[in-house]
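Trainee: I am new to this structure. Please take one part and go through it closely with me.
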Amino acid sequence: MDIKQLSSSLYSAKGWMKLTAVLLFVQGVFTALSIIGIVVAWLPIWMGVLLFQSAGAIERAYNSEDEMALAESLAKLKTYFIIMGVLALIAVIFFVLAFMLGFLGAITSNMAF
């Protein structure tokens, strides 16, 4: 199995992965500055750590053709995308609920007059 060829796509994106990781760290820090945000600030920080670790592992896999480093990188990416998917699903559910509540509020306020 040619590890260098398998990991080349992720290796070429490692800079973007690290940039996104740093941006997630910053987002986590700014989120932690608010009273309510401190409860969820660990999520973007954790996601940033996962991306940074994945980028480091893919760099090791590419340079040393290490199968375990490739597997580690892909596992970290899997966890990142699971967290991102769950957060996106929660956001969509909250958006739909807020829209429905707003719509119901508009209907009931028109009925009162």
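Which residues in H1 meet which residues in H3?

Mentor: Two notes come before the answer. This is a predicted model, where local features need pLDDT of at least 70, side-chain atom pairs count only at pLDDT 80 or more, and totals for chains, interfaces and linings use all residues. Residues are numbered from 1 along each chain as its sequence is written, and side-chain values use heavy atoms, with hydrogens and water left out.

Now the contact. Ile3, Lys4, Ser7, Ser8, Leu10 and Tyr11 in H1 meet Ile58, Glu59, Ala61, Tyr62 and Asn63 in H3. Contact means heavy atoms within 4.5 Å. Helices are DSSP runs of H or I, at least four residues, numbered from the N terminus. By class, this contact of H1 with H3 holds 6 nonpolar, 3 polar and 2 charged residues. Here Ala, Val, Leu, Ile, Met, Phe, Trp, Tyr, Cys and Pro count as nonpolar, Asp, Glu, Lys and Arg as charged, and the others, Gly among them, as polar.

Next, the geometry. The axes of H1 and H3 cross at roughly 145° and come within 8 Å. Axes are lines fitted to C-alpha atoms, for helices over the stretch in contact, and angles run from 0 to 180 degrees between N-to-C directions. The crossing of H1 and H3 is left-handed. That word applies if the near helix is turned anticlockwise from the far one by less than a right angle.

H1 also packs on H4. H1 covers residues 3-12 and H4 covers residues 67-111; their angle is about 30°, with axes 10 Å apart. H1 and H4 are therefore roughly parallel (angles under 35 degrees). Their crossing is left-handed. From H1, Ile3, Leu6, Ser7 and Leu10 make the contact; from H4, Glu67, Leu70, Ser73, Leu74 and Leu77 do. These residues divide into 6 nonpolar, 2 polar and 1 charged.

H3 and H4 meet as well. Their axes come within 8 Å and cross at roughly 155°. That makes H3 roughly antiparallel to H4 (angles over 145 degrees). This crossing, too, is left-handed. Among the residues that meet are Ile58 and Ala61 in H3, and Leu70, Ser73 and Leu77 in H4. The contact of H3 with H4 has 15 nonpolar, 4 polar and 3 charged residues.

Look back at the names. Ile58 and Ala61 of H3 meet H1, and they are listed again in the contact with H4. Ile3, Ser7 and Leu10 of H1 are in the contact with H3 and in the contact with H4.

Conventions. Helices (H or I, at least four residues) and strands (E, at least two) are DSSP runs, numbered from the N terminus. Angles under 35 degrees count as roughly parallel, over 145 as roughly antiparallel, 65 to 115 as roughly perpendicular and the rest as oblique.
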